[in-house]
Amino acid sequence: MARVAFIGLGNMGGGMAANLAKAGHDVRAFDLSPEALERAKKAGCLPAANAAEAIAGAEAIVTMLPAGRHVEALYAETLLDHAEAGAILIDCSTIDVATARRVAEAATQRGLLAVDAPVSGGIAAATAGTLTFMVGGAVTAFARAEPFLEDMGKAVIHAGASGAGQAAKICNNMILGATMVATCEAFALAEKLGLDEQRFFDIASVSSGQSWSMTSYCPVPGVGPETPADRDYQGGFAAPLMLKDLKLALEAAASVGAQVPMGERAEQLYAAFVAGEGAGLDFSGIIKTLR
Ligand code: NAD
């Protein structure tokens, strides 16, 4: 078992750090929030007074932070200068591809190993240890990160070179955003055409309109498996996080001149939803604006 530093103990990181501790690692945890630190302590981690203290002597340093600017600042201010020689830096935050590549390159120049390892699966999967990790980085860096990620997830996939994990994440979530909107508008239309919702689900979920958004995360209450729709769109994957990922996808698309018309439309619809009642709802709640 290894000494592992974990920085960013929020909704996702709290459960992930707890799973590393449960797997027997000596987890030194740090978060700017004293409440988050307290929760990590209860989950078996050793709280540190600051990031430098958390990473001292750590073989692996995991970060789970809100956005690229937080990751870049932490790397520049602390990680790059204080990480143990040969340590593996594993950033699990969802951030832009360019920042992911920049911080990994800076780490490599200091003789450290680094991967971007964003996740699929929400808070429940982080707590249960059933996340999917999509990993970008050199083969040697992936090999070092893999056992730690396996302690927090059900699947760990090497996506390619540095930044490829973030690319996979935002492309995946662009599909998710667009298919959720398409599923919602189809249910709204079916209803207006007099189709029974359950009957439409029974047909479309075994026909060519099927998607994860329909069969695993149906936006209609009482139809399909239990989803946030059955809890008045509370919990689940918050609409502002979907908007964040769509914005990252559009930014990445612009940087390489890719055409993403469905992604653009999904981003516009989620921006309007989040500006209104969607700010505190699950992303499938966008059906409320389409009915
Ligand atoms: P969160 O806001 O709950 O947690 C982030 C934590 O980072 C907070 O506790 C904050 O205090 C801490 N933090 C910020 N700057 C820090 C610093 N410099 N040093 C130490 N701690 C610092 O966010 P979350 O929901 O846990 O999401 C984390 C990342 O995971 C995001 O990039 C998000 O896009 C991604 N993600 C979230 C979900 C989800 O369902 N919540 C799903 C997949 C991916």
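A: Over residues 163-289 the chain is 61% helix and 0% strand, where helices (H or I, at least four residues) and strands (E, at least two) are DSSP runs numbered from the N terminus. The end C-alpha atoms of this stretch lie 35 Å apart. An unreviewed UniProt entry annotates residues 163-289 as "domain: 3-hydroxyisobutyrate dehydrogenase-like NAD-binding"; such annotations may be inferred rather than shown by experiment. Bear in mind that this is a predicted model: local features need pLDDT of at least 70, side-chain atom pairs count only at pLDDT 80 or more, and totals for chains, interfaces and linings use all residues. Residues are numbered from 1 along each chain as its sequence is written.

The largest nonpolar core has 99 residues, and Phe6, Ala17, Ile61, Leu89 and Ile90 have the most contacts inside it. Such a core is a set of buried Ala, Val, Leu, Ile, Met, Phe, Trp, Tyr and Cys residues joined through C-beta atoms within 7 Å; buried means that 20 or more other C-beta atoms, placed from the backbone, lie within 10 Å of a residue's own. Helix α8 (residues 164-192) supplies the largest share of this core, 11 residues. The core draws at least three residues from each of domain 1 (3-161) and domain 2 (167-290), with bounds from an automatic or database domain assignment.

Stepping back, the protein has 13 helices and nine strands. Buried residues make up 49% of its 291 residues, and its C-alpha trace spans about 65 × 45 × 35 Å along the principal axes.

Definitions and conventions. A residue is buried if 20 or more other C-beta atoms lie within 10 Å of its own, exposed if 12 or fewer, and partly exposed in between; C-beta atoms are placed from the backbone.
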